[in-house]
Amino acid sequence: MNRPLYSLLLHLALPLIVLRLAYRAWRAPAYARRLGERFALGLPPLKPGGIWLHAVSLGESIAAAPLIRELLERYPQLPITVTCMTPTGSERIRALFGTPEYAGRVQHCYLPYDLPWAAARFLERVQPRLALIMETELWPNHIHQCARRGIPVVLANARLSARSARGYARFARLTAPMLAELSLIAVQTAAEAERFRDLGARPECVEVTGSIKYDLHLDPALAQRAAALRAQWGAQRRPLWIAASTHAGEDEIVLAAHRRLLADQPDALLLLVPRHPERFAAVFELCRRQGSPPAVAPAARPRTPPTRCCSATPWASCCSSMPWPTAPSSAAAWWPTAGIICWSRRPWVSRCSAGRTCSTPRDSRAAARGRGARRGRRWRAAGRRGGRAVARAAAGAADEPGRGGGDAGQPGALQRLLAGVGRLLA
């Protein structure tokens, strides 16, 4: 499949794309806002001639923050246009760069869909001197429109698994020309660099820089705020673990693991944070039905000390310190270091007539019917395995406070990436 055929199929799929967007807006009303931006219509006022940086969602937006700050310091005369695709990413960008300090220097909108005319309209408005795309958010028409205008495109913090590489290889007539139009591919590992070259990237444009996520510097005040939260919850001496950014089906695993953990650590406290805010009511109701009535913990108001389970709402509104966990996790993956979690600083949920915590009347009805609580034997089995893993992690952390594991990575990736950006902007 080549790019013209890809564009034709994308136009034919437009009704399905609109229906999917409407469904997501029904589930999460934030998707219903700023619809025109997704088609390069009704874009906000944007200063042309700067740097365009695309971070698809929340994680990429957080990873891009140090890069944006460095770009602002090195090129103060250039405005930076930051785009994303999701409301959570948009909220994060606005929280990070919506202050008066960045007014006129950082501007934000959604990235239009990868339609040729939408990509062209967007670039005519922004007229960037350089495009930076975080990780592996590859859009053939956006990249081609940049190449037509002589705009260098950098794929920053790029990663490509063997499985993804096989998927791209199936569409070589689309993938190879797209990768050949990239001016710099800053990859995280040598293995990934080889995969990009095999798919058609120009060898001289592929550089191994490492992951810029290891260059993220934490605010020293986070530890103090975390200690204050622990004190607020009466959890200074309790083992605490965080299940962050969970998706549908993973909450059951976490709760099953927590029940097994309680057998060995009766005073253990779980902080459960759904990734998407529209899932909060269902997760809250799931905790209540499974016998762990959660305390709701938006940071805007003090709470009485929770007993066993605390549910934060939601994952993406803004970044705040968390009470440094004994055994942190993200779904089923154990993080060697974690102490920051994103959650709401304002009460996001409301009380429905039954006294339960619900976000909308539809969520209230769904919670009452108990939808989403039964996931079958595979989730229960995973919960048993997860419970043993959590218990081991908690016990090990109790024996060795502050212990971390895994590869910590190598700092300096950000400076290597900025060196490449500097060559293209020279």
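Predicted model: local features only at pLDDT ≥ 70, side-chain atom pairs only at ≥ 80, totals over all residues.
**View 1. Helix H9 has a buried side and an exposed one.**
Start with H9, which runs over residues 190-199. Glu192, Ala193, Phe196 and Leu199 are buried here. Why do they sit on the same side of H9? They cover an arc of only 125 degrees around the axis, and that puts them on the same side. What covers the buried residues? The cover includes strand S5 (153-158), helix H7 (162-169), helix H8 (172-180), strand S6 (184-187) and strand S7 (206-208). Just past the end of H9, glycine 200 takes a positive phi of about 125 degrees.

**View 2. Helix H1 packs against helix H6 at an angle of about 130 degrees.**
Here H1 (residues 3-12) meets H6 (residues 140-148), and their axes are 10 Å apart. Because of that angle, H1 counts as oblique to H6. The crossing is left-handed. Which residues make the contact? From H1 come Arg3, Tyr6 and Ser7, while H6 brings in Pro140, Asn141 and His144. Sorted by class, that gives two nonpolar, three polar and one charged residues.

**View 3. Helices H3 and H4 run roughly parallel.**
H3 covers residues 58-74 and H4 covers residues 87-97. They pack at an angle of about 25 degrees, with axes 8 Å apart. Angles under 35 degrees count as roughly parallel, so this pair gets that label. Is their crossing left-handed or right-handed? The crossing of H3 and H4 is right-handed. On the H3 side, look for Leu58, Ser61, Ile62, Ala65, Ile68 and Arg69. They meet Thr88, Gly89, Arg92, Ile93, Leu96 and Phe97 of H4. By class, this contact has seven nonpolar, three polar and two charged residues.

**View 4. Helix H11 packs against helix H12 with a right-handed crossing.**
Last up are H11 (residues 250-264) and H12 (residues 280-289). The angle between them is about 30 degrees, and their axes are 11 Å apart. H11 makes the contact through Asp251, Glu252 and Leu255, and H12 through Val283, Leu286 and Cys287. How do these residues divide by class? Four are nonpolar, two are charged, and there are no polar ones.

Terms used: Residues numbered from 1 in each chain as written. Heavy atoms only, no water. Buried < 20%, exposed > 50% of the residue type's maximum accessible area, 1.4 Å probe, protein only. Helix = DSSP H or I, 4+ residues; strand = E, 2+ residues; numbered from the N terminus. Arc of directions from axis to C-beta. Contact = heavy atoms within 4.5 Å. Axes fitted to C-alpha atoms, helices over the stretch in contact; angles between N-to-C directions. Parallel < 35°, antiparallel > 145°, perpendicular 65-115°, else oblique. Left-handed = near helix turned anticlockwise from the far one by under 90°. Nonpolar A, V, L, I, M, F, W, Y, C, P; charged D, E, K, R; others polar.
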